[in-house]
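Below are my notes on the helix packing and on the pocket. They are set out as numbered points.

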Amino acid sequence: KPRVLHQSSNCLLAGAGGNGGGIRLRGGGGGGGGGDGNGGDDQAFIARYWSKYLELLETKPFVTRMVTGFVIAFTGDVMSQTIQGIEILKMDLKRLILFSCWGGFGFTPIAYQWYNLIERTIPATIAGRAFWKMGMDQVLFPPAITAIFFLTLTVVEGLFTGIEFTLDKGLRVSGKAVPAITDLFDTGVNKVKQDLVPTLITNYKVWPLVQVLNFAVVPLKLQVLFVNTVAVWWNFVLSITQHN
């Protein structure tokens, strides 16, 4: 959660592209010298793409974060479906796409504004600022965003009831009737009542410590990277809970 989001780094996703073509591998002369050359090239390769990602955060901060959020949610749901015993060819791609869209285009814009609000609200000179920021975040944000998540995903997935999409059978229209929007909303509300408190209990076992460490120890440009690394696991938890 960066102090000034448009000037901070984001997470997991390494930006595509680079300045020029591929990396020319050096070494190869045999023995340890060749291995050292290849290792150096690997590091240069990673550094180049990491640098490009940081550049995209500066030049296209909003789009870069949304793509990153999409990838994180995608990874979390793939983990979720795998743990649930779903074979790769039978993986529910409709569910995967909708969950990933929530991560990229639902959660990310909301969180982007929220983190900036925290930065503006908590005075820079206050003692124990990391704890104050964590307190504001954890008291207000998880209950609201988790309730929105359960309600939104329940309604949207219900609207696509008649569509099935897997690798082995492709995109199909099943003919199942789409429930009325009022029924979907009621189902979403019941989902919130059923799963919000247990999910928040899991949240509070992990995220307060993560956020204190993030605000207090992690350099500003790496704060979102740190949070989103943990968010891969959290998206797995959310996907499992949503699709039980």
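1. Axes here are lines fitted to C-alpha atoms, for helices over the stretch in contact, and the angles between their N-to-C directions run from 0 to 180 degrees. This matters for α4 and helix α5 (residues 181–216), whose axes come within 6 Å and cross at roughly 150°. The model is a predicted one.

2. Angles over 145 degrees count as roughly antiparallel, and α4 and α5 are therefore roughly antiparallel to each other. Their crossing is right-handed. Sorted by class, the contact of α4 with α5 contains 24 nonpolar, 9 polar and 4 charged residues.

3. For α3 and α4 the axes come within 10 Å, with a crossing of roughly 150°. This pair is therefore roughly antiparallel. The crossing in which α3 passes α4 is right-handed. In the contact of α3 with α4, the residues split into 18 nonpolar, 2 polar and 7 charged.

4. Helix α2 (residues 61–83) and helix α3 (residues 93–121) have axes that come within 7 Å and cross at roughly 140°. That angle makes α2 oblique to α3. The crossing of α2 and α3 is right-handed.

5. Which residues of α2 meet α3? From α2 the list includes Phe62, Arg65, Met66, Gly69, Phe70, Ala73 and Phe74, and it continues with Asp77, Val78, Ser80 and Gln81. On the α3 side they meet Arg95, Leu96, Phe99, Ser100, Cys101, Gly103, Gly104, Phe105, Thr108, Pro109 and Tyr112. Divided by class, the residues of this contact are 12 nonpolar, 7 polar and 3 charged.

6. The largest pocket has a volume of about 150 Å³. The elements that contribute two or more residues to its lining are α3 and α4 (129–159). The largest share of that lining, 4 residues, is from α4.

7. What lines the largest pocket? Its lining consists of Asp92, Lys94, Arg95, Leu98, Leu153, Thr154, Glu157, Gly158, Thr161, Leu184, Gln242 and His243. By class, this lining comprises 3 nonpolar, 5 polar and 4 charged residues.

8. One residue links two of the points above: Arg95 is listed in α3 among the residues that meet α2, and Arg95 also lines the largest pocket.

Methods: Residues are numbered from 1 along each chain as its sequence is written. This is a predicted model: local features need pLDDT of at least 70, side-chain atom pairs count only at pLDDT 80 or more; totals for chains, interfaces and linings use all residues. Side-chain values use heavy atoms; hydrogens and water are left out. Angles under 35 degrees count as roughly parallel, over 145 as roughly antiparallel, 65 to 115 as roughly perpendicular and the rest as oblique. A crossing is left-handed if the near helix is turned anticlockwise from the far one by less than a right angle, and right-handed if clockwise. Contact means heavy atoms within 4.5 Å. Ala, Val, Leu, Ile, Met, Phe, Trp, Tyr, Cys and Pro count as nonpolar, Asp, Glu, Lys and Arg as charged, and the others, Gly among them, as polar. On a 1 Å grid over the protein atoms alone, a cavity is a set of points where a 1.4 Å probe fits but cannot get out, and a pocket is an open set with protein on both sides within 12 Å along at least five of seven lines; lining residues have an atom within 4 Å of a point. Grid points are joined across faces, edges and corners, and a volume is the space filled by probe spheres set on the points.
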